[in-house]
Amino acid sequence: MPGRIYFISGLGADRRAFQRLRFPPDYELVYLDWITPKTEESLENYALRLSNAIDTRKPFYLVGLSFGGMLATEIAKRLQPNKTFIISSVPTSKSLPWYYKFAGKLKLHQLISQFAKRTNPVTYALFGLKKRSEKNLLDQIIADTDINFLKWALSAILKWRNEIKPADLIHIHGTADNILPVKFTQPDRIIVGGGHLMVYTHAQEITNIIVGS
């Protein structure tokens, strides 16, 4: 499968989340940086604008983490990459936990975004992080998160209504994901013990799946 891989990071995260993935030298790795969302912009439209950075003249692959997996799903519906890999994410809106939708109706996500800029033992447990290096990474990512982007993204996720899982999409999920519990979705590949940030904590297993697919 050697070729160009485009990476889309998770909500508030950046390319640092992918730093432990190791690919052979014949892979070209491209990290898509966030663009500024428009007021009240849908997740679908944002994904379409983000995809303008993808060179479709050459075969390519997509890797999306968490929120980035939802964006990768929308992009895959339009651009037809060779393969799409979503990690710690969901391919359709019906796989979002029911209590997220309930919180959205009460507009609790607006309150949650105010506390999402702080890390504590509960935050580390939610992400399944135990080692100090893992916690330090989350601290850095959250500290650098744009609060306005976070508010928009949480709202966009709750308004997302996709029902289509694109062809050639491989969904990788961990059994210990506390942010998007595996029981609400049907992944193609399961990482035993993998938490929401398993792209970092279980990087070799995930690399093997991507390279071997």
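Q: What covers the buried residues of α1?
A: Their cover includes β1, α2 and α7. Contact here means heavy atoms within 4.5 Å. Helices (H or I, at least four residues) and strands (E, at least two) are DSSP runs, numbered from the N terminus.

Q: What sort of model is this, and how are residues numbered?
A: It is a predicted model, in which local features need pLDDT of at least 70 and side-chain atom pairs count only at pLDDT 80 or more, while totals for chains, interfaces and linings use all residues. Residues are numbered from 1 along each chain as its sequence is written, and side-chain values use heavy atoms, with hydrogens and water left out.

Q: Back to α1. Which residues are buried there?
A: Leu43, Tyr46, Ala47 and Leu50. Buried means under 20% relative accessible area, exposed means over 50%, and partly exposed is in between (1.4 Å probe, protein chains only).

Q: Where do they sit around the axis of α1?
A: On the same side of α1, because they cover an arc of only 100°. The arc is taken from the directions from the helix axis to the C-beta atoms.

Q: Aromatics next. How many pairs?
A: The structure has 14 aromatic pairs. Rings of Phe, Tyr and Trp (its six-membered ring) pair if their centres lie within 6.5 Å; planes under 30 degrees apart count as stacked, over 60 as edge-to-face and the rest as tilted. One of the pairs is Trp34 with Tyr46, tilted, at 6.4 Å centre to centre and 45° between the planes.

Q: Where are those two in the chain?
A: Trp34 is in the loop between β2 (28–31) and α1 (43–50), and Tyr46 is in helix α1, so this pair links distant parts of the chain, 12 residues apart.

Q: Buried or exposed?
A: Trp34 is partly exposed at 25% relative accessibility. Tyr46 is buried at 0%.

Q: What about Phe67 and Phe149?
A: Their ring centres are 6.4 Å apart with the planes at 75°, so the pair is edge-to-face. The pair links helix α2 (residues 67–79), which holds Phe67, to helix α7 (residues 147–159), which holds Phe149, 82 residues apart. Phe67 has 1% relative accessibility and counts as buried; Phe149 is buried too, at 8%.

Q: What else does Phe67 touch?
A: Leaving aside neighbours within four places in sequence, its contacts include Ser9, Gly10, Leu11, Trp34, Leu43, Trp152, Ala153 and Ile157.

Q: Which residues have the most contacts inside the largest nonpolar core?
A: Phe67, Met70, Ile172, Val199 and Ile206, in a core of 59 residues. The largest share of this core, six residues, comes from α2. A nonpolar core is a set of buried Ala, Val, Leu, Ile, Met, Phe, Trp, Tyr and Cys residues joined through side-chain atoms within 4.5 Å.

Q: Which residues form an aromatic cluster?
A: Phe7, Phe18, Phe23, Tyr27 and Tyr31 form one.

Q: And what sits over the ring of Tyr200?
A: The charged end of Arg20, 4.0 Å from the ring centre. The rule is NZ of Lys or CZ of Arg within 6 Å of the ring centre and within 35 degrees of the ring normal.

Q: How many salt bridges?
A: The count is nine, taking a side-chain nitrogen of Lys or Arg within 4 Å of a carboxyl oxygen of Asp or Glu. Arg4 and Glu28 form one of them, with the closest N and O atoms 3.0 Å apart. Arg4 is in strand β1 (residues 4–8) and Glu28 in strand β2, 24 residues apart.

Q: Which residues are in a network of salt bridges?
A: Arg4, Glu28, Asp55 and Arg57 are linked in one. Arg4 is buried at 12% relative accessibility, whereas Glu28 is partly exposed at 39%.

Q: Where do Lys77 and Glu74 lie?
A: Both are in helix α2, three residues apart, about one turn of the helix. Lys77 is partly exposed at 31%; Glu74 is buried at 0%.

Q: Last topic: what is phi of Gln80 and of Ser88?
A: Near 55° for Gln80 and near 50° for Ser88. Most residues other than glycine have a negative phi. Gln80 is in the loop between α2 and β4 (83–87) and is exposed at 66%. Ser88 is in the loop between β4 and α3 (98–105) and is buried at 0%.
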